[in-house]
Amino acid sequence: MLTGTLEAATLNPVPTELTRGFLRKKTLIESAVGALPSPHAYLIEQSPDSFALAHFHHNAEFQIIVAGEGMFGRRPVRPFMVHYAGQ
């Protein structure tokens, strides 16, 4: 069961791939540092004006848009769309 609110999450410094705006990140599930790729889940909120450069992660991932809208590359996204990126 997921608990807590995003408002209580840490306001993170702008990561390298985010060129403008801010994001707030709440860790829901995370493996130990240095562990083999394993399940992890974060709840991310980005400001409406944020922009991230193309980048990759070492784990396969699903991204579920739960609120707002924007662009994922050249494709528009809106709530309840799912994006999958394999390894």
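Colleague: What lies over the face of Tyr42, and how many Å from the ring centre?
Modeller: A charge sits over a ring if NZ of Lys or CZ of Arg is within 6 Å of the ring centre and within 35 degrees of the ring normal. For Tyr42 the residue over the face is Lys25, and its distance from the ring centre is 4.2 Å.

Colleague: What kind of model is this?
Modeller: Residues are numbered from 1 along each chain as its sequence is written, and side-chain values use heavy atoms, with hydrogens and water left out. Local features need pLDDT of at least 70, side-chain atom pairs count only at pLDDT 80 or more, and totals for chains, interfaces and linings use all residues, all of this for a predicted model.

Colleague: How many helices and how many strands does the protein chain have?
Modeller: Both come from DSSP runs numbered from the N terminus: helices are H or I with at least four residues, strands are E with at least two. Read from the N terminus, the elements go β-β-β-β-β-β-β-β-β. That gives 0 helices and 9 strands.

Colleague: What percentage of the 87 residues is buried?
Modeller: Buried is under 20% relative accessible area, exposed is over 50%, and partly exposed is in between (1.4 Å probe, protein chains only). Over the 87 residues of the protein chain, the buried share is 11%.

Colleague: Which residue forms a salt bridge with Arg24?
Modeller: Side chains of opposite charge can pair when their charged atoms come close. The cut-off is a side-chain nitrogen of Lys or Arg within 4 Å of a carboxyl oxygen of Asp or Glu, and the count comes to 1 salt bridge. Its closest N and O atoms are 2.9 Å apart, and the partner of Arg24 is Glu45.

Colleague: What type of aromatic pair do Phe62 and Tyr84 form?
Modeller: Rings of Phe, Tyr and Trp (its six-membered ring) pair if their centres lie within 6.5 Å, with planes under 30 degrees apart called stacked, over 60 edge-to-face and the rest tilted. The count is 1 aromatic pair. Phe62 and Tyr84 are 4.8 Å centre to centre with 50° between the planes, which makes the pair tilted.

Colleague: Why does Phe62 count as exposed?
Modeller: Phe62 is in strand 6 (residues 61–64) and Tyr84 in strand 9 (residues 82–85), 22 residues apart, and the pair links distant parts of the chain. Tyr84 counts as partly exposed, because its relative accessibility is 49%. Phe62 counts as exposed because its relative accessibility is 59%.

Colleague: Which strands each supply at least two residues of the nonpolar patch?
Modeller: Patches take residues with over 30% relative accessible area and no salt bridge, joining like charges within 9 Å and nonpolar side chains (Val, Leu, Ile, Met, Phe, Trp, Tyr) within 5 Å. This one covers about 630 Å² and is made by Leu43, Phe62, Ile64, Val66, Val82 and Tyr84. At least two patch residues each come from strand 6 and strand 9.

Colleague: Which residues does Pro79 touch?
Modeller: Pro79 is in the loop between strand 8 and strand 9, and its C-alpha atom is 4.9 Å from that of Ala67, 12 residues away along the chain. Contact means heavy atoms within 4.5 Å. Leaving out residues up to four places away in sequence, Pro79 touches Ile65, Val66, Ala67 and Gly68.

Colleague: Is Ser50 buried or exposed?
Modeller: Ser50 lies in the loop between strand 4 and strand 5 (51–52). Not counting residues up to four places away in sequence, it touches Leu18, Arg20, Gly21 and Phe22. With a relative accessible area of 18%, Ser50 is buried.

Key. Accessible areas come from the Shrake-Rupley method with a 1.4 Å probe; for residues, only the protein chains shown count as cover.
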